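Here are some notes for a colleague opening this model for the first time. Please read them with the structure on screen.

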Amino acid sequence: MFERLKTMLVKEFIQVFRDPRMRFLLFLVPAIQTVIFGYAVNTDVRHVATAVYDLDNSRESRELVARFVRSGYFDVTEYVSSDRRVRELVDRGDVKAVLRMNSGFARTLAAERSAPVQLVLDGTDSNTAAIVLSHAGRIAARYTEDLQAEQVAGMIGRPPRLGGVRLESRAWFNDNLESRNFYVPAVITNIVFIITMLLSSMAVVREKEIGTMEQIIVTPITKSEFILGKTIPFVLIGFIDVGLISAVAAFWFQVPMRGSIPLLFGATALFLMSSLGIGLLISTVSRTQQQAMMSAFFVIFPAMLLSGFAFPIENMPPAVQWLTYLNPIRYFLVIIRGIFLKGVGVDILWPQLSALAILGSIILFFAVQRFHKTLS
């Protein structure tokens with residue numbers, strides 16, 4: 001058995017690494033993709049292009065605009081003077097927000113009445129618009145508090161010392177609330193899933209296309225040995241990619257690595273059982289490599305969207321939430337984020353580890369049962 005398995009492994013490694021470009025694609029491209037996606041996948045909203053339509057042009061209106069700029073969330077790119085220009089800028093996408101103050105803004109404040117301020121938002125991206133609106137609301141509320149304090153001080157000479165509530169917040173595991181720390185570990189999961197699944201999805205069907213399946217049929221190798229010989233090289237590639245991409249995350253993006261590295265690789269082994277099993281299952285039912293690749297993409301994108309990578313699972317319909325329990329990426333995302341950001345161990349992550357072990361075992365079992373040493 002070991003001689004047959006050794007021969008199969010040597011054949012697979014030669015086939016995978018004989019092309020120097022393939023080595024570049026398997027090891028360097030994932031690290032490069034992590035760098036690109038680490039910068040691109042970022043939901044922090046800062047430096048929003050903003051136009052100002054100030055019809056009052058008073059000290060108070062200019063102070064409000066200055067507060068928006070000092071917050072770091074808004075960059076004033078243009079001062080407009082007409083409604084037509086406002087519509088043009090928003091329609092063309094040159095600005096995402098327009099801050100408008102009508103004539104009489106300062107007089108209304110001096111009369112101790114609420115002065116309306118309009119914020120026109122580009123609602124094409126509803127998530128960004130909601131975040132921008134939240135930042136603007138906090139800035140306006142703070143400005144209102146300071147104005148009220150000045151008015152009280154002007155009336156009585158000194159503002160009274162009143163009791164109040166001061167909220168002191170502390171974010172565990174991600175002190176600065178940087179979205180990159182949340183998304184980069186997820187990028188690791190998605191890249192490893194795509195690479196290992198694509199490789200394994202073409203493993204068996206490639207033998208049929210190049211005509212070597214006949215040679216395998218006449219050998220004494222068993223189905224299990226054949227599957228092991230096909231998957232072990234991809235397991236090693238998956239481990240190397242996880243190590244490289246994790247190093248990029250930790251040293252390039254400064255994502256904290258608080259947990260156990262051996263636990264990370266142990267969880268990766270369980271995750272690879274599922275990704276490679278799905279790929280092998282696709283490979284056994286496909287007749288061409290093109291068919292296998294298209295089938296793999298049909299699985300990859302729904303798996304990524306239903307994993308909680310970008311959209312919270314809790315916001316999905318109940319039927320879809322139940323469907324996510326069959327998705328191995330869902331469990332590995334919880335594990336890898338827990339290891340990187342929280343530093344938790346098996347005592348916390350055992351439900352996800354158990355789910356990956358069960359899913360991987362079932363999928364690999366069906367892949368082995370589906371493979372037959374025949375040409376039909």
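1. Start with Asn181. Asn181 sits in helix H7, which covers residues 179-201. Keep in mind that this is a predicted model. Is Asn181 buried or exposed? Its relative accessible area is 7%. The limit for a buried residue is under 20%, so Asn181 counts as buried.

2. Look next at what surrounds Asn181. Which residues does Asn181 touch, once those up to four places away in sequence are left out? The list is Asn174, Gln254, Val255, Pro256 and Leu341.

3. Now turn to Phe253. Phe253 lies in the loop between H10 and H11. Phe253 has a relative accessible area of 8% and is buried. Neighbours within four places in sequence aside, Phe253 is in contact with Thr34, Val35, Gly38, Tyr39, Arg180, Val184 and Val248. Take Thr34 from that list. Thr34 and Phe253 are separated by 219 residues in sequence. In space, their C-alpha atoms are 9.8 Å apart.

4. Helix H15 deserves a look along its length. H15 spans residues 346-370, 25 residues in total. From first C-alpha to last, H15 reaches 33 Å. That is close to the 36 Å expected at 1.5 Å a residue. Where does H15 bend? The bend is at Gln352, by about 35 degrees.

5. Gln352 is also one of the buried residues of H15. As a rule, an α-helix has 3.6 residues a turn, so residues three or four places apart point the same way. What do the buried residues of H15 pack against? Their partners are helix H10 (223-251), helix H11 (261-285) and helix H14 (328-342).

6. Next comes the sheet. Four strands form an open sheet, in the order S2-S1-S3-S4. The pairing is mixed. S2 (74-79) and S4 (117-121) are the edge strands. Each has a single partner strand, so one side of each lacks a neighbour in the sheet. From one strand to the next, the twist averages 30 degrees.

7. Go through the strand pairs one at a time. S1, residues 48-54, pairs with S2 in the parallel sense, over 5 bridges. Ala51 stands opposite Glu78 of S2. S1 and S3 also run parallel, joined by 5 bridges. Here Asp54 has Met101 in S3 as its bridge partner. S3 and S4 run antiparallel, again with 5 bridges. In this pair, Ala97 faces Leu121 of S4.

8. Finish with a helix crossing. Two packed helices are described by the angle between their axes and the distance between the axes. Helix H1 (residues 2-17) and helix H8 (residues 203-210) have axes that come within 13 Å. The axes cross at roughly 85 degrees. Angles of 65 to 115 degrees count as roughly perpendicular, and H1 and H8 are therefore described that way. Which residues meet at this crossing? Lys11, Glu12 and Gln15 come from H1, and Arg206, Glu207 and Ile210 from H8.

Conventions. Residues are numbered from 1 along each chain as its sequence is written. This is a predicted model: local features need pLDDT of at least 70, side-chain atom pairs count only at pLDDT 80 or more; totals for chains, interfaces and linings use all residues. Side-chain values use heavy atoms; hydrogens and water are left out. Helices (H or I, at least four residues) and strands (E, at least two) are DSSP runs, numbered from the N terminus. The expected span of a helix is 1.5 Å times one less than its number of residues. The bend at a residue is the angle between axes fitted to the seven residues ending there and the seven starting there. Buried means under 20% relative accessible area, exposed over 50%, partly exposed in between (1.4 Å probe, protein chains only). Contact means heavy atoms within 4.5 Å. Two strands pair if DSSP finds at least two bridges between them. Axes are lines fitted to C-alpha atoms, for helices over the stretch in contact, and angles run from 0 to 180 degrees between N-to-C directions. Angles under 35 degrees count as roughly parallel, over 145 as roughly antiparallel, 65 to 115 as roughly perpendicular and the rest as oblique.
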